[in-house]
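I opened my notebook to look at how this protein is put together. I wrote down each thing I looked up, one entry at a time.

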Amino acid sequence: MIHKKMICKVLGDLLLIETAMILLCTGVSLFYGENDLPAFLYTACITTGTGMILALFGRNAERQLTRREGYLIVSLAWIIFSAFGMLPFYLSGYIPSITNAFFETMSGVSSTGSTILEKVEDLPHGLLFWRSMTQWIGGLGIILFTIAVLPIFGINGVQVFAAEASGPTHDKVHPRIGITARWIWSIYTGLTLIATLLLAIGGMSWFDSVCHAFAATGTGGFSTRTASIAYYCSPYIEYVLSLFMFISGINFTLILLFVTGHFKKTFHDAELKFYFWCIVGFTLSIFAILYLKTTLDAETAFRTSLFQVISIQTSTGFATNDYMTWPTMAWGMMPILMLIGACAGSTSGGMKCIRIVILVRVMKNEFKRLLHPNAVLPIRINKQVIAPTLQSTVLAFTFLILLICFACILILMGLEIPLTESIGVVISSIGNTGPGLGAFGPAFSWNALPDAAKWVCSLLMLLGRLELFTVLLLFTPDFWKRN
């Protein structure tokens, strides 16, 4: 039996937290004296009222969550956060379409970074700040933030963490998951502050520095400029953002281990090594193509390839160059990077490197099994045996993501979107990357998509951010059975 009161209480508390974030943006709007202030005030009132009603309905609820309730809370939380988060855009009149307002907010909350805005600079500072904050909150996870707060209310957050955390494994560096969450959020906030300072030193305004730091550490990719990072024409800014995007693509548990002095365990991690060498390999390959087949000098070709590879693999989606103008082989690598993604337990999207590592080792084992059919061939990662159940989960995830991609590509083609664009939009959405291919590449917005396609993309963003199963589980009959 699903405890509705407990679910309402958690969602109510989450909306009250969202209200606090909206009020922070109200302060930004007041500071700049722009016309988006009424929209934030109306949104704060609506969100507070709804949150209080849900919290009152959930009073005296049980203090324990089951795994099933954890999955339901996570899926509903992302949808509700996006539904209320779109109100400032819609009520202010800057995005007068509900479809576009929800798409833009879901893109931020899922840390995707695709936008329907033709000219980002037209938004007032308060809305730009809110737009950037959605991806920062969504990057590491609304729910990961919530479970750091849940113990205050006497609620166990382990089931929520299991439902939201990205990747097939969830390492615990502390027995109490709430303490682990607070440690990770402290590192996340610290990285954001350092990135802000370094970007400001590089010539960005403080406002732009904060917004781009939100985007880099949240691997969201929303910029305050239509031209994205290309607007600044600064190698320094590109290298700084490359560093922080790379760090944000690492499993935050590993970063926490590194900070606490466990250097050997950090640097010997199989997924981290794959992630690093993947970036090195793709960067050098694209660098060679750009240097040999374009007029770019060596440093510019290297910087461009490094920045774009890190940006796409970490699913950030910043752009310093329109990769659709590159030689075909170079931009053809982009969808591969979108699918691979960075590390599990990071703010990035995609399949995650650990799944690729497991798939490669399963494949190698199958070749060995053909030669030695009676041999016992366990798969080990970081000296730990990977259970057959986990191997099956990874295979099922891979099959499911490919099936969803093929189905949605056909749906978009049915909406008269060309093949190249359909492939780019689908892979970018489910990989939470941002830019796509062709007419929806880094130089263009997604405003030209039909409304139906935008709702499909919003669903794909949610599926990608919550690792498919969390959302799709709600559509299985067994989930709703009493026992």
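**Entry 1: between the domains**

How many salt bridges are there between domain 1 and domain 2? I looked, and the count is zero. I noted at the start that this is a predicted model.

Next I looked up where the domains are. Domain 1 covers 4-181 and domain 2 covers 353-480. Their contact takes 33 residues from domain 1 and 29 residues from domain 2.

I then looked up the buried area. About 2,600 Å² is buried between domain 1 and domain 2. Carbon and sulfur atoms give 66% of that area.

What about polar contacts? I found twelve residue pairs in polar contact between domain 1 and domain 2, both residues at pLDDT 80 or more.

Which helices of domain 1 supply residues to the side that touches domain 2? Helix H3 (67-85), helix H5 (98-109), helix H6 (125-140) and helix H8 (158-164) each give at least two. H3 has the largest share, with seven residues. I also sorted the residues on this side of domain 1 by kind. They are 14 nonpolar, 16 polar and three charged.

**Entry 2: salt bridges in the whole structure**

I widened the search. The whole structure has eight salt bridges. I then took some of the pairs in turn.

**Entry 3: Asp 13 and Lys 9**

Asp 13 and Lys 9 form a salt bridge, with their closest N and O atoms 3.9 Å apart. Why are these two about one helical turn apart? It is because they sit four residues apart in helix H1 (residues 4-32).

Are they buried or exposed? Asp 13 has a relative accessible area of 11%, so I marked it as buried. Lys 9 has a relative accessibility of 14%, so I marked Lys 9 as buried too.

**Entry 4: Glu 104 and Arg 131**

Here the side chains of Glu 104 and Arg 131 meet in a salt bridge, at 2.8 Å from N to O. Glu 104 is in helix H5 and Arg 131 is in helix H6, so the pair ties together parts that are 27 residues apart in sequence.

I checked burial again. Glu 104 is buried, at 1% relative accessibility. Arg 131 is buried as well, at 2%.

**Entry 5: Glu 299 and Arg 303**

Glu 299 and Arg 303 form a salt bridge, and their closest N and O atoms are 3.0 Å apart. Both residues lie in helix H15 (residues 298-313). They are four residues apart, about one turn of the helix.

Glu 299 is partly exposed, with a relative accessible area of 35%. Arg 303 is buried, at 10% relative accessibility.

Which residues join this pair in a network? Salt bridges with shared partners link Glu 238, Glu 299 and Arg 303 into one network.

**Entry 6: Ser 209**

My last entry is on one serine. Ser 209 lies in helix H10 (residues 206-217). Its relative accessibility is 0%, so I marked Ser 209 as buried.

What does the side chain of Ser 209 reach? It reaches the backbone nitrogen of Ala 200, at 3.2 Å.

I then listed what Ser 209 touches, leaving out residues up to four places away in sequence. The list is Thr 196, Leu 199, Ala 200 and Met 204.

Notes:
Residues numbered from 1 in each chain as written. Predicted model: local features only at pLDDT ≥ 70, side-chain atom pairs only at ≥ 80, totals over all residues. Heavy atoms only, no water. Domains from an automatic or database assignment. Contact = heavy atoms within 4.5 Å. Buried area = accessible area lost by both parts, 1.4 Å probe. Salt bridge = Lys/Arg side-chain N within 4 Å of Asp/Glu carboxyl O. Polar contact = N/O pair within 3.5 Å; in protein donor to acceptor, adjacent residues only side chain to side chain. Nonpolar A, V, L, I, M, F, W, Y, C, P; charged D, E, K, R; others polar. Buried < 20%, exposed > 50% of the residue type's maximum accessible area, 1.4 Å probe, protein only.
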